[in-house]
Amino acid sequence: MDESPHRKKQGDRFLNIFKKNCNEKNLNNKSFLEIGCGTGYILKKLKKEKAHVTGVEPGKNKKRNSNIKILNSFFERIKFQNKFDFVINNAVLEHQINPKRFLKKIKSILKHKGIVFVCVPDYEKQLMCGDPTLIHHEHLSFFTKETLKNILKLCKFSNVKTFNDN
């Protein structure tokens, strides 16, 4: 995330959206898991606010932050010792082969009243007009606000809220 100005700006934007919408002013001693954390840019910022952070990044990136625990896999052989206050993922769910399985795994590692914060592109306009370019896109799922809400509710998340960042 911190390898280019664009990615850095995207990470800062994500954090601003998260803080604005999570209603948690003090992150001290809160536990975070970021799935798809890249080099750990967002986690590094959360750690500065005294949060306990862990990341998951399957990609091989030599520029990972050595002060942050980053695991290589979310599903294989990982048994989390503790549950998390927050599980965040930015531009990850749309790449999952089985988004329902992915969300159920997240649900299983959240503390009671824990919060999952999912950021995905809103494809409502493209889907409504039948945009053929979606076929060539790298995403496996194309969410709208409504379909994202539906899959979260199907996976037993409660108090589901969606919003646009603009």
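Predicted model: local features only at pLDDT ≥ 70, side-chain atom pairs only at ≥ 80, totals over all residues.

Reader: How are two packed helices described?

Author: Two packed helices are described by the angle between their axes and by the distance between those axes. Here, α1 and helix α2 (residues 41-48) have axes 9 Å apart and pack at an angle of about 50 degrees. That angle makes α1 oblique to α2, and the crossing is right-handed.

Reader: Which residues of α1 and α2 make the contact?

Author: From α1 come Lys-8, Gly-11, Asp-12, Phe-14 and Leu-15, and from α2 come Tyr-41, Ile-42, Lys-45 and Leu-46. By class, this contact of α1 with α2 holds five nonpolar, one polar and three charged residues.

Reader: At what angle do the axes of α3 and α5 cross?

Author: Helix α3 (residues 99-108) and helix α5 (residues 145-154) cross at roughly 55 degrees, and their axes come within 9 Å. That makes α3 oblique to α5. The crossing of α3 and α5 is right-handed. Pro-99, Lys-100 and Leu-103 of α3 meet Ile-151, Leu-152 and Leu-154 of α5. This contact of α3 with α5 has five nonpolar residues, one charged and no polar.

Reader: How much space lies in the second largest pocket, and which residues are closest to its centre?

Author: The second largest pocket holds about 380 Å³ of space. It is lined by 22 residues, of which Ile-35, Gly-36, Glu-57, Pro-58 and Val-92 are the closest to its centre. α1 (5-22) and β1 (31-35) each supply at least two residues of this lining. By class, the lining has 10 nonpolar, eight polar and four charged residues.

How values were computed:
Residues numbered from 1 in each chain as written. Heavy atoms only, no water. Axes fitted to C-alpha atoms, helices over the stretch in contact; angles between N-to-C directions. Helix = DSSP H or I, 4+ residues; strand = E, 2+ residues; numbered from the N terminus. Parallel < 35°, antiparallel > 145°, perpendicular 65-115°, else oblique. Left-handed = near helix turned anticlockwise from the far one by under 90°. Contact = heavy atoms within 4.5 Å. Nonpolar A, V, L, I, M, F, W, Y, C, P; charged D, E, K, R; others polar. 1 Å grid on protein atoms, 1.4 Å probe; cavity = no way out; pocket = protein on both sides within 12 Å on 5 of 7 lines; lining within 4 Å. Points joined across faces, edges and corners; volume = space filled by probe spheres on them.
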